[in-house]
Amino acid sequence: MKVKSAFQIISYAQYPLMLIATFFVIKPYIKGLEFLKQNPEILFLNYNNALIFFGLAIGFSTLQDTTKTQNNFSKKIWTNPKKGRKMIFYISILTFSTLILGIFMYYFSKNDKLKELSFGVIVLGIGLIGFLKSAIEVFENHRSDKKMNSDSSQIEIDIGD
């Protein structure tokens, strides 16, 4: 149990990583649009860094406890079997689309800037794989149809004894 708690504490690293990623998204615009027009490569470099840090943050977020939900909105999704399945489907599409895009950019892009950006896209996709796994676990832990079946089977066992 101590190891699980340690990983949950480590999961809080997602927040500073998200702040760093947000900084890299904003950074190209700090010196102004004229500077950005003269140096467009700065945009690619910063967005690549932002994607890498977003991917790492998502990866760290998967270390959270999947037996708990963050808020009532997510609880409504994960307890409902139809909504939960749809969400898993959407996250799957996002994850594999991101990975395919990153791999496609890396292998088929002639532009060096896009090739560099592909690393960030691939890291984001890898982070989303962990997020997908966590989403599946949250869904399995919270779905109402599974809880009712396990509760009713427990009652039957207790009555039969």
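Me: Is Ile-77 buried or exposed?
Reply: The model is a predicted one, and in it Ile-77 lies in helix H5. A residue counts as buried under 20% relative accessible area and as exposed over 50%. Because its relative accessibility is 12%, Ile-77 counts as buried.

Me: How far apart are the C-alpha atoms of Ile-77 and Gly-32?
Reply: Along the chain, Ile-77 and Gly-32 are 45 residues apart.

Me: Which helix gives the most to the lining of the largest pocket?
Reply: The largest pocket has a volume of about 420 Å³, and 17 residues line it, with Gln-64, Gln-70, Trp-78, Phe-131 and Val-138 lying nearest its centre. Two or more lining residues come from each of helix H5 (72-79) and helix H7 (112-142). By class, the lining divides into 5 nonpolar, 10 polar and 2 charged residues. The most, 4 residues, is given by H7.

Me: How many charged residues are in the lining of the second largest pocket?
Reply: The second largest pocket, with a volume of about 190 Å³, has a lining that includes Gln-8, Tyr-12, Gln-64, Asp-65 and Lys-68. Its lining also has 2 nonpolar and 5 polar residues, and the number of charged residues is 2.

Me: Which residue forms a salt bridge with Lys-4?
Reply: A search of the whole structure finds 3 salt bridges, and in the one formed by Lys-4 the closest N and O atoms are 3.9 Å apart. Lys-4 lies in helix H1 (residues 2-10) and its partner in the loop between helix H4 (41-61) and H5, so the pair ties together parts that are 61 residues apart in sequence.

Me: Why are Glu-34 and Lys-37 separated by about one helical turn?
Reply: Glu-34 and Lys-37 form a salt bridge, with the closest N and O atoms 4.0 Å apart, and both residues are exposed. They are separated by about one helical turn because they lie 3 residues apart in helix H3 (residues 33-38).

Me: What is the N to O distance in the salt bridge of Glu-137 and Lys-133?
Reply: Glu-137 and Lys-133 are 4 residues apart in helix H7, and therefore about one helical turn separates them. Glu-137 is partly exposed, with a relative accessible area of 29%, and Lys-133 is partly exposed as well, with 48%. Their side chains meet in a salt bridge with an N to O distance of 2.3 Å.

Me: Which helix gives the largest share of the nonpolar patch?
Reply: The patch on the surface is formed by Ile-103, Phe-104, Tyr-106, Tyr-107, Phe-108 and Phe-119, which together have about 690 Å² of accessible area. The largest share amounts to 5 residues, and it comes from the helix that spans residues 81-108, helix H6.

Me: Is Tyr-107 buried or exposed?
Reply: Tyr-107 has its place in helix H6 and is one of the residues that form the nonpolar patch. Since exposed means over 50% relative accessible area, and Tyr-107 has 59% relative accessibility, Tyr-107 counts as exposed.

Methods:
Residues numbered from 1 in each chain as written. Predicted model: local features only at pLDDT ≥ 70, side-chain atom pairs only at ≥ 80, totals over all residues. Heavy atoms only, no water. Patch = residues over 30% accessible without salt bridge, like charges linked within 9 Å, V, L, I, M, F, W, Y side chains within 5 Å. Areas by Shrake-Rupley, 256 points an atom, 1.4 Å probe, with all protein chains shown as cover. Buried < 20%, exposed > 50% of the residue type's maximum accessible area, 1.4 Å probe, protein only. 1 Å grid on protein atoms, 1.4 Å probe; cavity = no way out; pocket = protein on both sides within 12 Å on 5 of 7 lines; lining within 4 Å. Points joined across faces, edges and corners; volume = space filled by probe spheres on them. Nonpolar A, V, L, I, M, F, W, Y, C, P; charged D, E, K, R; others polar.
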